[in-house]
Amino acid sequence: MLARFAVGYEQVCRAILTAFVINVAFIAHTVMGLVVAGLFPSVAAAYATWRTWIISEDHWWTCKETWTVFHRAWKSEFQQANIAGWPQLLLWLLLIYDYSVVNWHDAGVMGYLSSGVLLVVLVVYGAFSMLFWAIRANFDENIRWCVKMTLQMLLCRPLCTLCLLVGFLMTVLVWLTWPGVLLAFGLSLPVLVAVGCVYFFGRIPGLNVRDTEAWKARHPA
């Protein structure tokens with residue numbers, strides 16, 4: 001019992017270290033790309049790194065291994081990630097601006113209604129964004145295909161969608177409650193949440209817990 005606890009504790013510590021290294025790599029590579037060009041390749045690389053980690057049989061990664069996987073993904077995603085990311089960010093800014101205008105100005109009943117609708121849209125769009133980058137990390141397809149696949153997943157995988165929505169809200173709540181978590185781990189933790197939700201509930205080829213030998217052993221056909 002004590003030995004199993006020790007192994008489990010070390011695995012948790014390793015996962016925390018991996019999350020920290022991914023955050024450091026995220027910041028460093030974003031700066032390498034002068035922020036404007038480096039931001040979204042870093043987002044794509046974070047998703048690709050966590051995907052590689054979660055499907056790997058060996059989760060005992062060193063800092064060097066994590067950094068190497070991240071850097072390779074960052075270079076390969078440099079162009080396409082920017083093409084996919086900037087339109088998403090512009091829509092984020094538009095929605096946040098609209099929500100702030102409606103929320104902080106007294107417009108009566110219609111104002112409250114509009115504020116509620118926009119809040120729901122923001123949460124759903126947050127889940128869409130998390131799922132979109134997980135889909136891109138898993139499939140070597142164009143952006144249009146990834147958008148269609150993401151929309152289909154949101155509708156056809158309700159449990160996965162629910163977990164993404166909860167994960168998005170919990171991430172925001174944790175950041176607001178403990179700002180130090182944001183400083184230490186940045187986007188690394190919500191990326192892990194997104195990849196984990198798809199892995200356990202998305203049922204897509206290449207990122208599916210049911211394809212692992214451990215799961216098959218526990219659930220014989």
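In helix α1, the buried residues are A15, T18, A19, V21, I22, N23, A25, F26, H29 and T30. Please bear in mind that this is a predicted model. An α-helix has 3.6 residues a turn, so residues three or four places apart point the same way.

What covers the buried residues of α1? The covering elements include α2 (39-55), α3 (63-76), α8 (179-185) and α9 (188-202). Helix α1 itself runs over residues 2-32, 31 residues in total. From its first C-alpha to its last, α1 reaches 45 Å, close to the 45 Å expected at 1.5 Å a residue. Just after α1, L34 takes a positive phi of about 55 degrees.

I turn now to the aromatic rings. The structure holds 12 aromatic pairs. In one of them, W74 and F78, the ring centres lie 5.2 Å apart and the planes stand at 75 degrees; planes over 60 degrees apart count as edge-to-face, so this pair is edge-to-face. W74 is buried, with a relative accessible area of 8%, whereas F78 is partly exposed at 31%.

F200 and F201 form a tilted pair, with 6.4 Å from centre to centre and 50 degrees between the planes. F200 is partly exposed, at 41% relative accessibility, and F201 is also partly exposed, at 30%.

Finally, which residues form one aromatic cluster? They are F40, W86, W92, Y125, F128, F132, W133 and F168.

Terms used
Residues are numbered from 1 along each chain as its sequence is written. This is a predicted model: local features need pLDDT of at least 70, side-chain atom pairs count only at pLDDT 80 or more; totals for chains, interfaces and linings use all residues. Side-chain values use heavy atoms; hydrogens and water are left out. Rings of Phe, Tyr and Trp (its six-membered ring) pair if their centres lie within 6.5 Å; planes under 30 degrees apart count as stacked, over 60 as edge-to-face and the rest as tilted. Buried means under 20% relative accessible area, exposed over 50%, partly exposed in between (1.4 Å probe, protein chains only). Helices (H or I, at least four residues) and strands (E, at least two) are DSSP runs, numbered from the N terminus. The expected span of a helix is 1.5 Å times one less than its number of residues. Contact means heavy atoms within 4.5 Å.
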